[in-house]
Amino acid sequence: MKRVLSILLISVGFIFIFNSCNKNCTCRGWFDGVAGEPYKIELSENDPNSCKEKSTVVIVNDRKTGIECK
């Protein structure tokens, strides 16, 4: 029983390790306060930027324009 539990925990650990290598961001385009459909982009391991750094939203007259990533 201990051996099965150990193998299970190791397997789950590997899943978390491999999933943490690539990060996905959800982005949405905005034009004059109207949001477009969300889409995902994948950041590579070598990309030093975070999701928020990919955002280019500007607010003018209380209306968003640009790309917002989270």
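**A chat about the cysteines and strands**

Modeller: Let me begin with C69, which counts as buried because its relative accessibility is 3%. Please keep in mind that this is a predicted model.

Colleague: Okay, and which residue is C69 joined to by a disulfide?

Modeller: C69 is joined to C27, with an S to S distance of 2.0 Å. The two cysteines sit in distant parts of the chain, with C27 in strand β1 and C69 in strand β5, 42 residues apart.

Colleague: Is C27 buried or exposed?

Modeller: C27 is buried, because its relative accessibility is 1%.

Colleague: And which hand does the disulfide of C27 and C69 have?

Modeller: That disulfide is right-handed, because the torsion about the S-S bond is about 110°.

Colleague: Remind me, what is a disulfide?

Modeller: A disulfide is a covalent bond between the sulfur atoms of two cysteines.

Colleague: How many disulfides does a search of the whole structure find?

Modeller: Such a search finds two disulfides. One of them is formed by C25 and C51, whose sulfur atoms are 1.8 Å apart. This pair also links distant parts of the chain: C25 belongs to strand β1, C51 to the loop between β3 and β4 (58–60), and they are 26 residues apart.

Colleague: What is the handedness of the link of C25 and C51?

Modeller: The link of C25 and C51 is left-handed, with -85° about the S-S bond.

Colleague: So how do the bonded cysteines pair up, numbered in sequence order?

Modeller: The pairing is 1-3, 2-4.

Colleague: Why does C25 count as buried?

Modeller: C25 counts as buried because its relative accessibility is 0%. For C51 the value is 6%, so C51 counts as buried as well.

Colleague: Which residues make up the largest nonpolar core?

Modeller: That core has five residues, namely C25, C27, L43, C51 and C69.

Colleague: And what does C51 touch, leaving out residues up to four places away in sequence?

Modeller: C51 touches K23, N24, C25, L43, C69 and K70.

Colleague: Let's change topic to the overall fold. How many helices and strands are there?

Modeller: The protein has one helix and five strands. Read from the N terminus, the order of the elements is α-β-β-β-β-β.

Colleague: Which strands pair with β1, then? Let's take β3 to begin with: how many bridges are there?

Modeller: Strand β1 (residues 23–31) pairs with strand β3 (residues 39–43) in the antiparallel sense, over five bridges. Within this pairing, C25 stands opposite I41.

Colleague: What about β5?

Modeller: Strand β5 (residues 63–69) runs antiparallel to β1, and four bridges join them. Here G29 stands opposite I67.

Colleague: And β2?

Modeller: β2 (residues 34–35) is also paired with β1 in the antiparallel sense, over two bridges. W30 has A35 in β2 as its bridge partner. Two residues lie between the strands of the hairpin of β1 and β2, and D32 in this hairpin takes a positive phi near 55°.

Colleague: Tell me about A35. Is A35 buried, partly exposed or exposed?

Modeller: A35 is partly exposed, because its relative accessible area is 33%. Leaving aside neighbours within four places in sequence, A35 is in contact with R28, G29 and W30. The C-alpha atoms of A35 and T65 are separated by 8.8 Å, although the two residues are 30 apart along the chain.

Colleague: How much of the protein is buried?

Modeller: Buried residues are 10% of the 70 residues. The protein exposes about 6000 Å², and carbon and sulfur atoms supply 60% of that.

Colleague: How many of the contacts join residues at least 24 apart?

Modeller: Among contacts between residues at least 6 apart in sequence, that share is 35%.

Colleague: Last topic, confidence. What is the average pLDDT?

Modeller: The average pLDDT is 80, and 71% of the residues score at least 70.

Methods
Residues numbered from 1 in each chain as written. Predicted model: local features only at pLDDT ≥ 70, side-chain atom pairs only at ≥ 80, totals over all residues. Heavy atoms only, no water. Pairing = 2+ DSSP bridges. Buried < 20%, exposed > 50% of the residue type's maximum accessible area, 1.4 Å probe, protein only. Contact = heavy atoms within 4.5 Å. Areas by Shrake-Rupley, 256 points an atom, 1.4 Å probe, with all protein chains shown as cover. Disulfide = S-S within 2.5 Å. Core = buried A, V, L, I, M, F, W, Y, C linked by side-chain atoms within 4.5 Å. pLDDT = per-residue confidence, 0-100.
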